Amino acid sequence: MSAVTDLAAPAARLKKPSWKDPRLLIGILLVLVSVASVTALLGNADKTVEMFAARDDISLGQKITSDEFSIVNVSLGEVEHTYLSAETGIPENAVATTFIRKGELIPGASLGTADALDRKPVALTIDSALPEGAGAGARVDVWVAMPDGRNGFSPPERLLESAEISQLTETGPALGSAQIEQLHVLVTDEKMPGLLNALSNGARINVVLNPGSGS
């Protein structure tokens, strides 16, 4: 009799969902959060910012003003903060602490003050052809041959290894001489006396490209 009574009992009716049901509210909230997250992700993927880019090559130690830069719109994502943006602006009295090539974005670490420079440019006049590939930013070894006191020169010695070229200019020809090129190499205070001594005593100077060195 008990089994028959159970079968005859009416089934419990499902209740109609109510706006006051916490489970419904939580479900709606999760959907809204998901939509907002996807929208934000897609928005950041397309986000571009105005960044500074070099109009021309910038040499180490060169004073930086807005004239050296153009503004480009780029999307850099997580590394955006490592470059100089138009919104951030240019630090006052800033100089380049490394060589920056034309068209490159400006890493924040490439700017500093003149006092922070640990290398200084020294002009070398070269009356022989520079090696192919020698240009601003390239590395060269500087060899000097001192006068031997007998109208000749002593065997050359390498005075600077892997010196960075900061600037390259042509200064000749003059008075019928061959084309003369002048390059500026960056020299540490430690190496400066030796180089200045060679220059002031009429040493013969040659440079050799050192492409295998990175510093």
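Helices (H or I, at least four residues) and strands (E, at least two) are DSSP runs, numbered from the N terminus. The model described here is a predicted one, so to speak of local features a pLDDT of at least 70 is needed, side-chain atom pairs count only at pLDDT 80 or more, and totals for chains, interfaces and linings use all residues. Residue numbers start from 1 along each chain as its sequence is written, and side-chain values use heavy atoms, with hydrogens and water left out.

N151 is not a glycine, yet its phi is positive, at about 65 degrees. Is N151 buried or exposed? With a relative accessible area of 84%, N151 is exposed, where exposed means over 50% relative accessible area, buried means under 20%, and partly exposed is in between (1.4 Å probe, protein chains only). Another residue of this kind is N93, again not a glycine, with a positive phi of about 60 degrees. N93 is found in the loop between β2 (69-74) and β3 (95-96).

Next come the charged pairs. Side chains of opposite charge can pair when their charged atoms come close. A salt bridge is counted here when a side-chain nitrogen of Lys or Arg lies within 4 Å of a carboxyl oxygen of Asp or Glu, and that rule gives six salt bridges. One of them joins E164 and R139, with 3.6 Å from N to O. This pair links distant parts of the chain, since E164 belongs to strand β7 (residues 157-170) and R139 to strand β6 (residues 139-145), 25 residues apart. Both ends are tucked away: E164 is buried at 6% relative accessibility, and R139 is buried at 16%.

R158 is partly exposed, with a relative accessible area of 42%, while D141 is buried at 8%. R158 also forms a salt bridge with E161 (3.7 Å, N to O), and E161 is exposed at 55%. Salt bridges that share partners also join R119, R139 and E164 into one network.

Strand β7 also holds S166, which is buried with a relative accessible area of 4%. What does S166 touch, leaving out residues up to four places away in sequence? The list is S59, P121, A136, H184 and L186, with contact meaning heavy atoms within 4.5 Å.

Now for the nonpolar interior. A nonpolar core is a set of buried Ala, Val, Leu, Ile, Met, Phe, Trp, Tyr and Cys residues joined through side-chain atoms within 4.5 Å. The largest such core has 21 residues, and L124, V142, L183 and V185 touch the most other members. Two or more residues of this core come from each of β5 (119-126), β6, β7, β8 (181-188), α3 (192-200) and β9 (204-209). For L183, the contacts beyond four places in sequence are V122, A123, L124, I126, L130, I165, Q167, L168 and V207. Another core, of 11 residues, lies apart from the largest one and includes A54, I58, I64 and L84.

M192, L195 and A198 are buried in α3. Seen down the axis of α3, the buried residues fall within an arc of 135 degrees, so they line one face of the helix; the arc is that of the directions from the helix axis to the C-beta atoms. The face turned away from this buried side carries the exposed residues P193 and S200. After α3 comes G202, with a positive phi near 70 degrees.

Finally, there is a nonpolar patch on the surface, formed by L24, I28 and L32, with about 240 Å² of accessible area together. Patches are made of residues with over 30% relative accessible area and no salt bridge, with like charges joined within 9 Å and nonpolar side chains (Val, Leu, Ile, Met, Phe, Trp, Tyr) within 5 Å. Accessible areas come from the Shrake-Rupley method with a 1.4 Å probe, and for residues only the protein chains shown count as cover. L24 is in helix α2 (residues 22-45) and is partly exposed, at 31% relative accessible area.
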